[in-house]
Amino acid sequence: MEEKQPVHATATGTVKPFAESTPPFENVGDMKDEGTEDGEIVEEDLYIPLKMDPGIPYEPNPLTIRAVVTGIVLGCLVSASNLYLGLKTGFTFSANMFGAIFGYGFLKLLEKVGGETPIIGGLFGPQENSIIQAAATGAGGISGIFVAGIPAMYQLGVMGEGRTPKDDIGAIFTITLVCSFLGLFYVTPLRKFFIIQVARELRLMFPTPTAVGLTIRSMHAGAAGSIEAMKKLKCLGISFFGALIHRVVSYYAVGILYDWHFFTWIHIWSGHTSWAMNVESWGWFFEWTPAFIGSGILIGLNPAISMFAGSVLGWGLIGPLLVHYGECIGIDLSDGDPDWDGYYSFYSLSKLGQRTPSPRYWLLWPGVMVMVCASMAELVVQYKVIGVGFKSLWNQACSSANNALLSRGKSSAFLAKHGAPRERTEFEVEDPAPKEQQVKDWMWLTGLLVTLVVGMLIFHFLWEMHPGLTILSFLLSFLFSFLAIQIGAVTDNTPLTAASKASQLIFGAATSHSGYTVQHAQKLNLVAGGLASGGAEVANALVSDFRTGFLLGTPPIKQFIAQACGTFVAVWLAPGLFVLFTSAYPCIYDPSIEHCPFQVPSVTAWAAVAQAVTDPNVKIPLKSGIFSIVMGAVSVIQVIIRHYYLVGEREKYRKWLPNWGAIALSWVIPATVYGTAALLGAIIAALWRKWDMRTWDIYGYALAAGLIAGEGLGGVVGAVLTLAGVDGAVKGTNIACPMLQC
């Protein structure tokens, strides 16, 4: 699971779980009202660069040291936040909106106090603002593999008996390095394809990057924009620090300030009624999680309702029925204490193949199947895009090779023919960036070749992966990146979870009957899945930044360099933060420690899939498999209906279709609290927009971004408090929690 969204949620270490209706534009479609002209409303075309305030001065070089450093610092905050949120919930969030707004405030301050001082001072414009968010996105990325595949290796024991992440920090750095720069280099030539050539024809709106671009423009729109920007900044700061303080303080009274266990309260007040504890056992309580209330503010009602409905269906109906009829079992947590009779866990993934499975394991497979089927169906119905995409890549490769020959006084008729400039289609837009502002071919080609060679050496010697399997994992990473970008550009739902699970399934088949031990096969499976999802995560982030830069007129090469700088920092930062968390909470990687403040849903799901495709003793329950096939078929049928029947006049009915990605996610994540918190946030946003759209436009995204990042950073503070021995478990109380444990 993953999944990386205005600050954008990616579930399960890398899946954006939401939205067939896109949050930033669910009320306006593809065009945004820009004002009036001669009494008529003028609509702005969002497939071409934005019309900027004419008073904005020319920015000769937006790639400044102050912008890159500011972006990296803000991205580091989000990276730390993502480690906490990802391990706790399976979700991670993008740093783009957070970096854009906070970066604006900081550089505006430098602009005023620094004057014309080199590096510090100088005019600050929207293109430099886009550099900040690009660097922040790079530094805040690649969290997905640390909340999924890598800790799963330790849970399965494939890294060696008794080893901890701290012991293997060097090897972890290497896999992070390859994932990060592989995605960065191979997606660079796809900028022209996704943003220039087919965006209008295929309605590739890139909702979140577009929202970031519009936000940056509005903040730089003269005096009025500056006033509005400071309002956004103030709102972001208050929500950020408020969420951070709330999370830190709540550690010392979790059952009062954070988790409200209504059914535990009923159980206590009514004389220990077992029915209330049965409901509690299925995870039905409310969590005051700022991050997921903020996420709900962003995603809209359709995906939030779908996620909540999926929780009700999975953990309120299917799960209880499975236990009632003996298909699944729970584990008694009462420990013989009559005061807590009826308190069970239905989420265990331990001892797979040795006992009757839990409802969580049973529901994992239909969840994964629906994610994979829905994502693949979205890709297949856009088969023309794949063909055009590969033709575009071939054309660019031939053109680059032919230009290299011409520079040496040689030529090739074949390369000249296939690398000739394409005839522009009626849908293709003009690229605002001249050739000298594009990323040079030698940059990404050299970087890609070096990464491929280094990657093959690293995976061979450190991870014991055959070069052929390494090449396969690289190809899968590229394919799933293409899938993730294309689907995410339309739906704002980047299917990184589906990409990783599909890669795990393919590698399960590739390593079967090949003489590998079960543990070796599991290690290869998790490394390959991590490479696919990690590469796709970075690739999607770069194309998203290219989209924001396209709207604001930022030179692509400047954004590429900014994100590369941020990515380089993330390579070292993310593993270090991972070691920090695992040192404070060994239960993250050691499943024998029963009580853990982190549910690590992505980790256990990855481990379960790896076991199922490599261990002959671990099987998928027959009825779960049948149900998975049926629900996968239903999700595919809906995609077909949506694309081929609900068109023209019937397109308005699309918003009533359930979001199967969100439903499936609620089956994979064994916690109802995120669906209920997201639903609360979505309801607040819907009422807010209906009540006062103007204040929503000013404060909505800023509030959500601050809530998400604030809670995550509060989790980092919690890890430091734990290492210092002064956390809530030592100095606080668990009153109002079931069995006095939260």
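## Salt bridges and overall form

The structure holds 9 salt bridges, each defined as a side-chain nitrogen of Lys or Arg within 4 Å of a carboxyl oxygen of Asp or Glu. The model is predicted: local features need pLDDT of at least 70, side-chain atom pairs count only at pLDDT 80 or more, and totals for chains, interfaces and linings use all residues. Residues are numbered from 1 along each chain as its sequence is written, and side-chain values use heavy atoms, with hydrogens and water left out.

| Pair | N to O distance |
|---|---|
| Arg 200 and Asp 45 | 2.8 Å |
| Lys 88 and Glu 287 | 2.8 Å |
| Asp 168 and Arg 163 | 2.6 Å |

Lys 88, in helix H1 (residues 65-89), and Glu 287, in strand S6 (residues 286-287), are 199 residues apart and link distant parts of the chain. Both Lys 88 and Glu 287 are buried, that is, under 20% relative accessible area, where exposed means over 50% and partly exposed lies in between (1.4 Å probe, protein chains only). Asp 168 counts as buried because its relative accessibility is 8%, whereas Arg 163, at 35%, is partly exposed. Arg 200 is likewise partly exposed, at 28%.

Across the chain, buried residues make up 61% of the 742 residues. The C-alpha atoms fill a box of roughly 80 × 60 × 55 Å along the principal axes.

Conventions:
Helix = DSSP H or I, 4+ residues; strand = E, 2+ residues; numbered from the N terminus.
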